[in-house]
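Subject: A structure for you to look at

Hi there,

Here is the structure I promised to hand over. Please open it beside this email and follow along.

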Amino acid sequence: MRRIELLDRHLSAQPLFWTLKNTDIKEFKTVGNLKGKTIVISGASRGIGLAIAKKAARDGANIAILAKTAEPHKKLEGTIYSAAKEIEEAGGRALPIKCDIRFEDQVKSAVEQTVATFGGIDILINNASYISLTPTLDTTIKSFDLINQIIARGTFMLSKYCIPHLLKAQNPHILIISAPLNMDPKWFAPHLAYTISKFQMSLCTLGLSEEWKGQIGVNSLWPRTAVATAAIKHALGGEPMMQRSRKVDIMADAAYIIMTSCNKQTNGNFFIDDEVVGPHDLKKYNVNPNIPLEELMPDFFIN
């Protein structure tokens, strides 16, 4: 498959670990842990959002879980209530909020509930997304609107309503789960509507990081390879692709490093997960330890 063939342009196998090619290993100034910090995470009922929440919970963080899933889904595991239970079992405090980030009243209410419960907001993670990898003629206008309302508009709106509270916090961050900006047409041609929406998330990083420089650290984080989530399993490739993916832990570990760093120094970056946590011992993140590192599935926007 072409994506597997392309992977070696980024990473080369070594006997004990991966060496990253053409990347800069990042250095972070850590300013403490997340104990007592209040984190708002959209799309946190499962997958990467929940993994980040549980990582923060181990420090004793407060987590506001914003997601639509209040009742069990027939295919997708996890609700805001099951996520809350896992967060509390990990050592944190959880506030499950049923919230569709397409709607302004629900977003405003979720932010108000979070502040009323925990006293403020220290970190916002814009994670909610919707995958629809269709070419132009197969993309309905209803689907186009849905993708952009959730991914682009939702990110902007949640950021807008959290920023006044973030400005009152010590070392506040906004972390956006979105890809590095790249205007190469090859990223747009296969699934134009989806790419437009994801890059609008990244444009929020670009703009907000400059608008609030020195006050809020705003960064993007994206995986280099496929990550083993429900979307991968049910929509994009099933078990074979899951086996060539990394665990959600790599995104959680990378997010933790960013969230605990100095917001004045860590700002305006488009991070790749293994640049943050690497380069050593990356194989521990493999879903299947028997799959060679160089045969993992590259992510859509990494080439």
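Ring pairs join W187, F188, Y194, F199, W222 and F301 into a cluster. Rings of Phe, Tyr and Trp (for Trp, its six-membered ring) count as a pair if their centres lie within 6.5 Å; planes under 30 degrees apart are called stacked, over 60 edge-to-face, and the rest tilted. Before we go on, please keep in mind that this is a predicted model, in which local features need pLDDT of at least 70 and side-chain atom pairs count only at pLDDT 80 or more, while totals for chains, interfaces and linings use all residues. Residues are numbered from 1 along each chain as its sequence is written, and side-chain values use heavy atoms, with hydrogens and water left out.

By the ring rule, the count comes to 6 aromatic pairs. One of them is F188 with F199, an edge-to-face pair with 5.4 Å from centre to centre and 80 degrees between the planes. F188 sits in the loop between β7 (173-176) and α6, whereas F199 is in helix α6, so this pair ties together parts that are 11 residues apart in sequence. Helices (H or I, at least four residues) and strands (E, at least two) are DSSP runs, numbered from the N terminus. F199 also pairs with F301, and here the rings are tilted, at 5.4 Å centre to centre and 45 degrees between the planes. That pair links distant parts of the chain, with F199 in helix α6 and F301 in the segment after α10, 102 residues apart.

Is F199 buried or exposed? F199 is buried, because its relative accessible area is 4%; buried means under 20% relative accessible area, exposed over 50%, and partly exposed in between (1.4 Å probe, protein chains only). F188 is buried as well, and so is F301. Leaving aside neighbours within four places in sequence, F199 is in contact (heavy atoms within 4.5 Å) with A179, P180, L181, N182, M183, F188 and F301.

Now for the charged side chains. The structure holds 8 salt bridges, a salt bridge being a side-chain nitrogen of Lys or Arg within 4 Å of a carboxyl oxygen of Asp or Glu. One of them joins K55 and D253, whose closest N and O atoms are 3.2 Å apart. This pair links distant parts of the chain: K55 is in helix α2 (residues 47-57) and D253 in helix α9 (residues 249-259), 198 residues apart. K55 counts as partly exposed because its relative accessibility is 23%.

The side chains of R246 and D273 meet in a salt bridge at 4.0 Å, N to O. R246 lies in the loop between α8 (238-243) and α9, and D273 in helix α10 (residues 273-277), so the pair ties together parts that are 27 residues apart in sequence. R246 also forms a salt bridge with D274, at 3.2 Å from N to O. D274 is in helix α10 too, 28 residues from R246. D274 counts as buried because its relative accessibility is 0%, and R246 is buried with a relative accessible area of 0%. Through shared partners, salt bridges join R224, R246, D273, D274 and E275 into one network.

Finally, have a look at strand β4 (residues 62-67). Here 6 of the 6 residues are buried, so the strand is largely enclosed by the rest of the structure. In a regular strand the side chains alternate between the two faces of the sheet. Both faces of β4 are covered, with N62, A64 and L66 buried on one side and I63, I65 and A67 buried on the other.

Which strands does β4 pair with? Strand β3 (residues 38-42) pairs with β4 in the parallel sense over 5 bridges, and strand β5 (residues 93-98) pairs with β4 in the parallel sense over 6 bridges; two strands pair if DSSP finds at least two bridges between them. I39 has I63 in β4 as its bridge partner, while N62 has R93 in β5.

Happy exploring!
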